[in-house]
Amino acid sequence: MAWFKREIKGIITTTQEKKEAPDGIWNKCPNCKKPLHYSEQVENQYVCHYCGYHLRIGSKEYFSVLFDDNQFTELFTNLHSGDPLHFTDTKKYTDRLKETKNKTGLTDAIRAAHGKMNGQELVIACMDFNFIGGSMGSVVGEKIARSIDHSIEHKIPFLMISKSGGARMMEAAFSLMQMAKTSAKLALLSQAKVPYISLLTDPTTGGVTASYAMLGDINIAEPGALIGFAGPRVIKETIKKDLPKGFQTAEFVQEHGFLDFIVDRREMKEKLASFLKMLAPTVAKEEKIEPQA
């Protein structure tokens, strides 16, 4: 049974000589459990090439997928959350913000940027779930509002990528006010005849779903994304009934008329670019032509 002992010289490696793989090189698909190498994830736009499962990604990855050559200008980077309520739960809100900023490298749960997608100008505001569950606080609402103003001023289509657990409890009413604030700004965007596309990713829940996420001129989602207001467990305990199979998945929501279509992330850029190209003549017609002197 020598093959059990590995007696051939050079096969046995001491603990001190073992090398660990760097963090982030390998990942495991949450659906099929197969290993995924980082280079494969990037090449396949963070979709499992075995089962088609869409991995959760943040603004950095979405910008690299959608913007041409990953070239963009980030907007409103100087906004930071305050602590108007001096909130404390298991730790102070200020401490939680500081720790999350250091851990993620983000300033809040959203980033906004201006760039080109297939040669067409576009403003994208994308949420990051890693920052306190992608919760909607005052900074999230303000960045969306300013992004909309930027789109109106320059007549550039606006894409909102939602990924959130809902309103940020640490800011209470200040957080809930962002629902009305962003909805009002989107009404101005509509009046200006500037296209608004809402992309719902996994998960999109709570006050985000109840406001800007569902107000797009076109509402789209990624396959299998969780989309809803309250969570399935809360709803089940409230109505005391079993929920339908696939409840609150993107496919279920589309079937019941709340989504226009579902698109694979690998086809996202081309589909969005085609949609914006179709709208471009309409936007041009709406622009007022200044009379010549």
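## Basis of the description

The structure is a predicted model, in which local features need pLDDT of at least 70 and side-chain atom pairs count only at pLDDT 80 or more, while totals for chains, interfaces and linings use all residues. Residues are numbered from 1 along each chain as its sequence is written, and side-chain values use heavy atoms, with hydrogens and water left out.

## The annotated cysteines

UniProt, in an unreviewed entry, places the feature "binding site" at Cys29, Cys32, Cys48 and Cys51. These four residues span 23 residues in sequence, yet no two of their C-alpha atoms are more than 8.8 Å apart, so they gather at one spot. The unreviewed UniProt entry also places the feature "zinc finger region: C4-type" at residues 29-51; UniProt positions are given in the numbering used here, feature names are shortened, and such annotations may be inferred rather than shown by experiment. The end C-alpha atoms of residues 29-51 lie 9 Å apart, and the span is 26% helix and 13% strand, where helices (H or I, at least four residues) and strands (E, at least two) are DSSP runs numbered from the N terminus.

Cys32 lies in the loop between E1 and strand E2 (35-37), and Cys51 is found in the loop between H2 and H3. Cys32 is partly exposed, with a relative accessible area of 25%, and Cys51 is also partly exposed, with a value of 33%; in these terms buried means under 20% relative accessible area, exposed over 50%, and partly exposed in between, using a 1.4 Å probe and protein chains only. Leaving aside neighbours within four places in sequence, Cys32 is in contact (heavy atoms within 4.5 Å) with Cys48, Tyr50 and Cys51. With neighbours within four places again left aside, Cys51 is in contact with Cys29, Asn31 and Cys32.

## The largest pocket

The largest pocket has a volume of about 520 Å³ and is lined by 23 residues, of which Arg56, Ile57, Gly58, Glu61 and Asn130 lie nearest its centre. On a 1 Å grid over the protein atoms alone, a pocket is an open set of points where a 1.4 Å probe fits, with protein on both sides within 12 Å along at least five of seven lines, and lining residues have an atom within 4 Å of a point. Grid points are joined across faces, edges and corners, and the volume is the space filled by probe spheres set on the points.

Strand E1 (26-28), helix H2 (38-43) and helix H3 (59-66) each supply at least two residues of this lining. By class, the lining has 9 nonpolar, 7 polar and 7 charged residues, with Ala, Val, Leu, Ile, Met, Phe, Trp, Tyr, Cys and Pro counted as nonpolar, Asp, Glu, Lys and Arg as charged, and the others, Gly among them, as polar.

## Helices H5 and H6

Helix H5 (138-154) has 17 residues and reaches 24 Å from its first C-alpha to its last, close to the 24 Å expected at 1.5 Å a residue; the expected span is 1.5 Å times one less than the number of residues. Buried residues of H5 include Val139, Val140, Ile144, Ile148 and His150, and the buried residues of this helix pack against E3, strand E4 (110-117), E5, E6 and H6.

For helix H6 (residues 172-191), the 20 residues should span 28 Å, and the end C-alpha atoms are 30 Å apart, which agrees. In H6, Ser175, Gln178, Met179, Thr182, Leu186 and Leu189 are buried, and what covers the buried residues of H6 includes H5, strand E6 (158-164), strand E7 (196-204) and helix H7 (206-209).

## Backbone details

Asn70, although not a glycine, has a positive phi of about 55°; Asn70 is found in the loop between H3 and strand E3 (72-75) and is partly exposed, with a relative accessible area of 36%. Ile132, likewise not a glycine, has a positive phi of about 50° and lies in the loop between strand E5 (120-127) and H5.

A cis peptide bond joins Asp202 and Pro203, with omega about -5°, and Pro203 lies in strand E7.
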